[in-house]
Amino acid sequence: MNPVIEAYSRIASEYDHPRNIESCWGSITQHSLGLVTLRDGHKTVADIGCGTGRDLARLASASPPDVRFIGVEPAANMRSIAVGRTAHFPNVRIIDGRFERLPLESQSIDYLYSILAFHWTTDLGKSVAELARVMKPTGELDMTFIGRHNGREFIRKTTPVFFKYLTPATMIKAVSLRKQMTLEAATALFRTAFGPPGLSVTESYHTCYDTLEGHWGWWVRIESQLLDIPEAKKAECEHAVRGAIATLATDKGIPYTVHLLHVRLRHEELTERAVSQDCTHAVERTEMVGFGHKEL
Ligand SMILES: C[S@@+](CC[C@H](N)C(=O)[O-])C[C@H]1O[C@@H](n2cnc3c(N)ncnc32)[C@H](O)[C@@H]1O
């Protein structure tokens, strides 16, 4: 039993609601999808943690029919929406599975991408070993997931509230459901599986401004603390947490800064990549207000 996967299965029917798509996470998903680069040689493509299959359907509709897409998704209800959405693409297959144990043949994947799912793995070491196992020696990848410094504004405001409703042990258990790595930790982890040539890990910060309701819709999903609040205290705790977040309001709205890590593997451009492996790159920062998205 994995509480995160169960939670995703429970909210599957709301996942594609415009409120979610227009939210901060919708913008970050869009940004991540922009990093996905399909090339002519990519004939077998995998999307791990494919959710409701929106990204797969978009990529499949823009690709030749001989490109085979495989979506791997552990949450049953997310998976069935993905199956329905991609049913008219004979070259798309959606299967049950997770990072920790990928239901894919060894050395079978030309291109693997994953958007905002890897932070939910329960075992980082096993998962990168699985990723390395399924990739062809010429395989390429793009993965985005949240990093250690994610959502600092909200954490500062809500942690004192959560401590009133949860014991330190329950807080630690809830927070440890997410694996939020620093850039250095993610670089070291992926290097163990892929080695330096062609591998780069970069980070970026994206500040999203929204209303309390706009943030609340997605935030409650990623904040696993709320899953552990005793039922009798839930309404009271939610009220207090919303009050704490509301105090962050500015003229532009309430800010939430996403710390995004991007793991990229390429077998061309090796010289260029070698430069960015030392983590001394310029950190990208963006601001998103509602639908607006401006580079800082
Ligand atoms: C934020 S959603 C992203 C879905 C999709 N990639 C998108 O861009 O809309 C995270 C997804 O990761 C899945 N997930 C959770 N734990 C996972 C695991 N251990 N391995 C693979 N996927 C996982 C969830 O079920 C959920 O569908």
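Which residues have the most contacts inside the largest nonpolar core? In this predicted model, they are Cys24, Ala46, Leu56, Leu112 and Leu141, within a core of 59 residues. Strand β7, which covers residues 254-265, contributes seven residues to this core, the largest share. For Leu141, when residues up to four places away in sequence are left out, the residues touched are Tyr111, Leu112, Tyr113, Met135, Val263 and Leu265.

The protein chain as a whole contains 12 helices and nine strands. Its C-alpha trace spans about 55 × 45 × 40 Å along the principal axes. The radius of gyration is 19 Å; because a compact globule with 296 residues would have a value near 19 Å, the chain agrees with that expectation. Of the 296 residues in the protein chain, 36% are buried. Among contacts with a separation of 6 or more, 81% are made by residues 24 or more positions apart.

The surroundings of the ligand were also examined. The ligand is surrounded by 22 residues, and the closest of these are Gly49, Gly51, Arg98, Ala117 and Trp120. Sorted by class, the shell around the ligand comprises 13 nonpolar, four polar and five charged residues. Helices α1 (3-11) and α4 (54-61) each supply at least two residues of this shell. With three residues, α1 gives the most to the shell around the ligand.

Notes. Residues are numbered from 1 along each chain as its sequence is written. This is a predicted model: local features need pLDDT of at least 70, side-chain atom pairs count only at pLDDT 80 or more; totals for chains, interfaces and linings use all residues. A nonpolar core is a set of buried Ala, Val, Leu, Ile, Met, Phe, Trp, Tyr and Cys residues joined through C-beta atoms within 7 Å. A residue is buried if 20 or more other C-beta atoms lie within 10 Å of its own, exposed if 12 or fewer, and partly exposed in between; C-beta atoms are placed from the backbone. Helices (H or I, at least four residues) and strands (E, at least two) are DSSP runs, numbered from the N terminus. Two residues are in contact if their C-beta atoms, placed from the backbone, lie within 7 Å. A residue is near a molecule or strand if its C-beta atom, placed from the backbone, lies within 6 Å of it. Ala, Val, Leu, Ile, Met, Phe, Trp, Tyr, Cys and Pro count as nonpolar, Asp, Glu, Lys and Arg as charged, and the others, Gly among them, as polar. The radius of gyration is taken over C-alpha atoms; the globule rule is 2.2 Å times the number of residues to the power 0.38.
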